[in-house]
Structures are given as C-alpha cells and as structure tokens.
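Subject: Structure for you to look at

Dear colleague,

I am handing over the structure below, with the sequence alongside.

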Amino acid sequence: MKSRIRTSPRIIPGLLVLVLLAIPLTAQATSMKAQNVVDLVDLSERIIVGDVINLTDGFDAQGVPYTEVTLRVTDSIRGANGSSYTFRQFGLMEPRQMPDGTTALSVSPDGWPRFVQNEEVMVFLYQASPQNGLRTTVGLLQGKFSKVGDEFVNDVGNHNVFFNVNIDAGQLNPDDRKLMNNPETMKADAFVSMVRRAVDQRWVETGVMAHAE
C-alpha cells in the first residue's frame with residue numbers, strides 16, 4: 001500500500017499545546033541575531049560538556065514528538081549531577097512511518113540543533129517546560145557547540161559568541177583574549193574555563209560580563 005504523508009490526528013492536540021507553549025521560547029531564542037556568551041550563560045539552566053552516547057525519538061503520552069539525547073557528562077559547569085544526563089527537545093530525528101500507514105513529518109524544526117552519536121558537545125540548555133519537560137539550547141543553533149579537533153564550534157561558526165560583549169579586563173587571561181579576538185578558532189579548553197569562571201564567580205550577575213552599550 002502506498003504510504004500517505006500527513007500528521008497523525010492523535011498528536012495534533014499535543015502539537016497545538018506545544019506550539020502555544022513554545023512561542024515565547026522560540027521568539028526569545030531566534031529574535032536576537034546575536035545570542036552571545038552573556039545570553040548563553042544568563043539564560044541557561046544547565047551547562048554541560050559531554051559525549052552523545054544515545055539518541056532516540058518518539059511520542060510522549062500526549063502525542064508530542066521528541067528527540068531524546070543522552071550525554072556522558074565529562075564536565076558539569078551548571079546544574080547536572082551524575083555521570084550522564086538526558087533531555088528531550090521537540091521533534092523527531094526524521095520522518096517516521098506510522099502503524100496506520102501514514103508518515104509523521106513532525107521532525108525538529110529548521111534552525112534547531114541536531115545531535116550525532118558519539119560527538120563531543122558543549123550545550124547551554126534552557127529550563128525545561130513545566131508542561132511537558134521539553135527543552136532545547138539557548139539560541140537554538142547558537143547554544144550547541146561541537147568539538148572539532150581541539151576547538152568548539154557551533155552551527156553559525158561562533159559568529160555571535162563575543163559580539164557586543166564587555167568583560168572586565170582584570171578578569172581576562174591571555175587565553176580569554178585569544179578567544180575574544182578569534183572566536184572562529186575557539187579552543188575548547190579555554191572556552192570551558194572562561195564559562196566556568198563566569199558561572200562560579202557570577203560574572204553576569206555582578207556586571208563583570210555584560211552586553212556592550
């Protein structure tokens with residue numbers, strides 16, 4: 001039988017609810033062309049470095065499609081305890097053939113981060129939705145960094161990481177200055193070190209690191 005392409009009616013209510021709930025999050029994540037390191041640190045509930053060790057997708061009890069990502073945690077900068085951490089974001093990894101012969105096309109929207117088995121990442125994660133537990137990265141593509149060699153790079157080439165950022169010069173070491181001057185070749189260890197200090201020493205809260213006026 002030839003498959004039909006449509007969204008299964010059983011997931012429509014959940015999708016409508018999710019869309020309504022996601023509007024503020026999506027607007028926040030995409031309305032700023034430059035989601036810089038101030039935003040990444042300030043808006044994230046979890047900041048984690050780790051390896052992607054498992055990827056699954058499916059539909060939750062309300063019929064909302066999700067991709068579930070499990071990380072082996074190598075460095076928890078904020079909010080992740082234990083050796084692994086699992087979170088779900090909206091959308092399937094790819095279209096799925098349903099038992100009734102239809103094809104569910106409810107994949108993660110364009111512009112949302114994609115994860116790959118065994119890749120090493122650094123993620124800045126928004127707080128989870130209280131309604132369904134879904135979450136994603138701050139600034140979407142801007143809040144997920146993949147390790148390439150000894151560097152971290154996001155899917156916009158790190159273009160916005162240090163754009164419109166002021167940091168108290170007294171807090172910067174030589175590696176920090178290299179990061180800020182050459183974000184397109186951002187050494188992973190140096191970036192992790194800077195972010196850890198920003199979190200532990202409350203740079204954003206105390207004004208040490210802020211948006212440039």
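Two strands are taken to pair here if DSSP finds at least two bridges between them, and that is the sense in which strand pairing is used in what follows. Please keep in mind throughout that this is a predicted model.

To begin with the chain as a whole, its secondary structure comes to five helices and eleven strands, and buried residues account for 49% of its 213 residues. Of the contacts between residues at least 6 apart in sequence, 64% join residues that are at least 24 apart. The accessible surface amounts to about 10600 Å², with 52% of that belonging to carbon and sulfur atoms.

Much of what I would like to point out concerns strand β3, which spans residues 65-78 and is mostly covered, eleven of its 14 residues being buried. With strand β2 (residues 46-59), β3 pairs in the antiparallel sense over twelve bridges, and one of the bridged positions sets Phe59 against Pro65 in β3. The two strands form a hairpin with five residues between them, and in its turn Gly63 has a positive phi of about 85°. Strand β4 (residues 84-90) is also antiparallel to β3, and the two are joined by seven bridges, with Thr67 standing opposite Gln89 in β4. The hairpin of β3 and β4 likewise has five residues between the strands, and here Gly79 takes a positive phi near 80°.

Ser108 itself lies in the loop between β6 (102-104) and β7 (120-125). Its relative accessibility is 4%, and because buried means under 20%, Ser108 counts as buried.

Turning to the helices, α3 (residues 174-181) and α4 (residues 188-200) pack with their axes 9 Å apart and at an angle of about 105°, which makes α3 roughly perpendicular to α4. On the α3 side the contact is made by Asp175, Asp176, Leu179 and Met180, and on the α4 side by Ala190, Phe191, Met194 and Arg197. Sorted by class, this contact of α3 with α4 has five nonpolar and three charged residues, but no polar ones.

With best regards

Methods: Residues numbered from 1 in each chain as written. Predicted model: local features only at pLDDT ≥ 70, side-chain atom pairs only at ≥ 80, totals over all residues. Heavy atoms only, no water. Axes fitted to C-alpha atoms, helices over the stretch in contact; angles between N-to-C directions. Helix = DSSP H or I, 4+ residues; strand = E, 2+ residues; numbered from the N terminus. Parallel < 35°, antiparallel > 145°, perpendicular 65-115°, else oblique. Contact = heavy atoms within 4.5 Å. Nonpolar A, V, L, I, M, F, W, Y, C, P; charged D, E, K, R; others polar. Buried < 20%, exposed > 50% of the residue type's maximum accessible area, 1.4 Å probe, protein only. Areas by Shrake-Rupley, 256 points an atom, 1.4 Å probe, with all protein chains shown as cover.
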